[in-house]
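Welcome! Let us take a friendly walk through a protein model and look at how its side chains meet.

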Amino acid sequence: MSVEKQLIVFDFDWSMADQDTDRWIFEVLAPDLRRKMKKLKEEIQWTDLVAQSLREAHSRGIKRSQIEHSLRIMPFHPAMVRGVTNLKAGGKTTFLCLSNSNSVFISTILNDKSLETLFTEIITNPAEWEGELLKLRRRVDPNGPQHDCKVGCSPNMCKGKYCEELTAFLERHGKDFDRVVYVGDGSNDFCPILRLRSQDIVFCRANRGLQKRIEREAEKEGLTCQIQYWAGAWEVEEMFGKL
């Protein structure tokens, strides 16, 4: 059904892009660090672990140019570029990015794909270059007030109903979107889709964490939005074409 004003909310890793930025750069540049991350992920909060691994990469001489190059060659389907570009050109769609990646990883990839003006806001973990070192920190400072999400969001960020992210974006930009479409894949995308209405849609990447949580918890948590599953970006392009 066509509408006059809609919001498309994108997760980034495995949703807009066809890989996980945090893991990809180490798989390309330092597989031993990637292996170490896999062993430590239950012991260290994930964003802190990525920051630690970036420091280790820097200490062994991995350069900014190498990290940026690895991000530019990360799988990103041309159909996704076409799909979002065509929707943006239609003039009725606002785009928001809600991601547990970080600002440098996302902006580097978007700039490479000529999508740097796509999103009205990118809500993610902050990062900045300090010489050749990429310094990364949690969006929610571990030394400050913490979110109280009970749905299972990571400590660094709550994307949805129980914290400031999606709810606050709607308050800043008006709650009068005729439709919200959420494109996601991971278990941490379950929280924001709980605040969607019956006319809203989730484009859920199949056979990943979000689908599992929908199947397990949707009825209990009162999920009311529509669900459509996809496996490849070419399918998302088709789905966007029907909005």
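The report below goes from aromatic rings to a helix and then to the nonpolar cores.

This is a predicted model, in which local features need pLDDT of at least 70 and side-chain atom pairs count only at pLDDT 80 or more, while totals for chains, interfaces and linings use all residues. Residues are numbered from 1 along each chain as its sequence is written, and side-chain values use heavy atoms, with hydrogens and water left out.

**Aromatic rings**

Rings of Phe, Tyr and Trp (its six-membered ring) pair if their centres lie within 6.5 Å; planes under 30 degrees apart count as stacked, over 60 as edge-to-face and the rest as tilted. By this rule there are five aromatic pairs. Two of them are set out here.

| Pair | Type | Centre to centre | Between the planes |
|---|---|---|---|
| Phe12 and Phe76 | tilted | 6.4 Å | 50° |
| Phe203 and Phe240 | tilted | 5.9 Å | 35° |

Where do these rings sit? Helices (H or I, at least four residues) and strands (E, at least two) are DSSP runs, numbered from the N terminus. Phe12 lies in the loop between β1 (6-10) and α1 (21-29), and Phe76 in the loop between α4 (64-72) and α5 (78-90), so this pair ties together parts that are 64 residues apart in sequence. Phe203 belongs to strand β7 (residues 201-205) and Phe240 to helix α10 (residues 233-241), so their pair links parts 37 residues apart in sequence.

Buried means under 20% relative accessible area, exposed over 50%, and partly exposed in between (1.4 Å probe, protein chains only). Phe12 is buried, with a relative accessible area of 0%, and Phe76 is buried at 11%. Both Phe203 and Phe240 are buried too.

The charged end of Lys5 sits over the ring of Phe177, 5.0 Å from its centre. Arg23 lies over the face of Trp46, at 4.1 Å from the ring centre.

**Helix α3**

Trp46 brings us to helix α3 (residues 46-59), which has 14 residues. From first C-alpha to last, α3 reaches 20 Å, close to the 20 Å expected at 1.5 Å a residue (the expected span is 1.5 Å times one less than the number of residues). Which residues of α3 are buried? They are Trp46, Thr47, Leu49, Val50, Ala51, Ser53, Leu54 and Ala57. Just after α3, Gly61 takes a positive phi of about 95°.

**The nonpolar cores**

A nonpolar core is a set of buried Ala, Val, Leu, Ile, Met, Phe, Trp, Tyr and Cys residues joined through side-chain atoms within 4.5 Å. The largest one has 51 residues, and those with the most contacts inside it are Phe10, Met16 and Phe240. Helix α3 gives the most to this core, with six residues. A second, separate core of 22 residues includes Leu166, Val202, Ile214 and Ala218.

Contact means heavy atoms within 4.5 Å. Leaving aside neighbours within four places in sequence, Phe240 is in contact with Ile8, Phe10, Gly83, Val84, Leu87, Val183 and Phe203.

Note on methods
Lys NZ or Arg CZ within 6 Å of the ring centre and 35° of its normal.
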